[in-house]
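Let's take a walk through this fold, starting with its open space and then moving on to the sheets.

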Amino acid sequence: MHLVTVVHDLDIHHMRIQAASIQKFLVPGITHWVIVNEPEPDLQKYHQLLDPYYTQHELKLIAHDWEPGCIGWVNQQFAKLEIANRINTDYVLLDAKNFFVKHTDLSPWKHTGSGIFLTAHDENIRDIWNYWLPLIEKYCDQQDCDVPDTVYQIETPFTINHKYITPELCKQFRSISQGKGSVSEFLWYSVTLHKSGHVFKKNWPNKHCVFWPRSRVKKQFEILQQPHVVLSGIHRHWLETASKSNKAKVRKWLEKLELDVAPELWNNQESRQ
């Protein structure tokens with residue numbers, strides 16, 4: 001199984017937690033592609049921090065082919081798709097903030113995308129559907145296909161079936177993502193699947209629970225107890241806005257998981273407050 005994470009320097013300490021979690025919780029034999037998304041990446045710095053965690057798995061650390069006219073988060077989306085042409089097999093995308101919290105075998109992950117539906121038929125998420133619909137319609141126009149009523153949620157973990165990602169589609173995605181406006185590699189991929197005849201036929205249980213800026217810590221811990229939730233994450237904005245007591249609770253939880261390996265993550269936030 002191949003994992004892919006695109007990271008930039010602001011999230012380098014999140015990556016240490018992710019690497020430690022892969023070492024501790026994943027069945028050995030993973031190939032982890034870490035793509036450094038910086039105009040002038042310092043790969044040696046990442047090697048020094050991450051190499052110690054890859055005694056049971058393989059780390060492939062590479063630089064992204066940076067597009068000078070695009071900001072970092074757009075370049076990140078190019079990297080997530082273009083790596084398909086280098087790996088030449090299916091892979092699971094993670095965000096840098098993600099980390100595993102339970103022993104996990106990735107080999108049964110046979111779904112594609114996030115496995116979670118964003119659909120026009122669910123009244124509970126109608127606002128989210130309506131927000132993204134103009135971009136979905138734009139992508140359908142570019143790929144010359146009808147508009148689907150269901151796509152995959154823009155969430156990680158997100159599985160990519162590499163056979164749908166051609167160099168031509170990657171170039172097209174780069175071309176239409178220049179300038180202002182929304183961009184989503186996950187929606188572009190969903191439209192690509194739809195055009196190919198893919199049937200969005202099953203919702204998979206949500207595998208992750210992330211600490212977002214407005215997350216209630218007690219509620220997140222309850223969700224993390226569910227057996228199918230194997231992945232968590234700490235968003236930078238949560239670190240910036242959470243109370244000291246809530247940060248202490250989450251850090252203690254990481255200590256119990258033996259994942260409190262990046263004290264800089266907490267020290268940097270304390271120095272800003």
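Predicted model: local features only at pLDDT ≥ 70, side-chain atom pairs only at ≥ 80, totals over all residues.

Residues are numbered from 1 along each chain as its sequence is written, and side-chain values use heavy atoms, with hydrogens and water left out.

Of its 32 lining residues, the closest to the centre are Gln-76, Asp-95, Lys-97, Trp-212 and His-235. Two or more lining residues come from each of E1, helix H3 (72-82), helix H5 (126-143), helix H7 (185-196) and E9, and H3 gives the largest share with 5 residues. The element names are DSSP runs numbered from the N terminus: helices are H or I with at least four residues, strands are E with at least two.

As for how such spaces are found, the search uses a 1 Å grid over the protein atoms alone: a pocket is an open set of points with protein on both sides within 12 Å along at least five of seven lines, a cavity is a set where a 1.4 Å probe fits but cannot get out, and lining residues have an atom within 4 Å of a point. Grid points are joined across faces, edges and corners, and the volume is the space filled by probe spheres set on them. The structure holds 1 cavity of 30 Å³ or more. The largest cavity, about 30 Å³, is lined by Ser-114, Ile-116, Glu-155, Pro-157, Pro-205, Asn-206, Lys-207 and His-208.

Now for the sheets. One is open, with 5 strands in the order E3-E2-E1-E4-E8 and mixed pairing; strands count as paired if DSSP finds at least two bridges between them. Its edges are E3 and strand E8 (158-160), each pairing on one side only. The twist averages 25° from one strand to the next, with axes fitted to C-alpha atoms (for helices over the stretch in contact) and angles running from 0 to 180 degrees between N-to-C directions.

Within this sheet, strand E2 (residues 31-36) runs parallel to strand E3 (residues 58-63) over 6 bridges. Val-36 has Ala-63 in E3 as its bridge partner. To get from E2 to E3 the chain passes through helix H2 (residues 43-50), a right-handed β-α-β crossover, meaning that with the strands pointing away from the viewer, the path from the first strand over the helix to the second runs clockwise.

The other open sheet has 3 strands ordered E5-E10-E9, again with mixed pairing. Strand E5 (98-100) and strand E9 (208-211) sit at its edges. E5 pairs with strand E10 (residues 231-234) in the antiparallel sense over 3 bridges, and Phe-99 stands opposite Ser-232 in E10. Helix H1 (residues 12-25) packs on this sheet, touching E5 and E10, at about 20° to the direction of E5; contact here means heavy atoms within 4.5 Å. Helix H10 (residues 244-256) lies across E5, E9 and E10, running at about 135° to E10.
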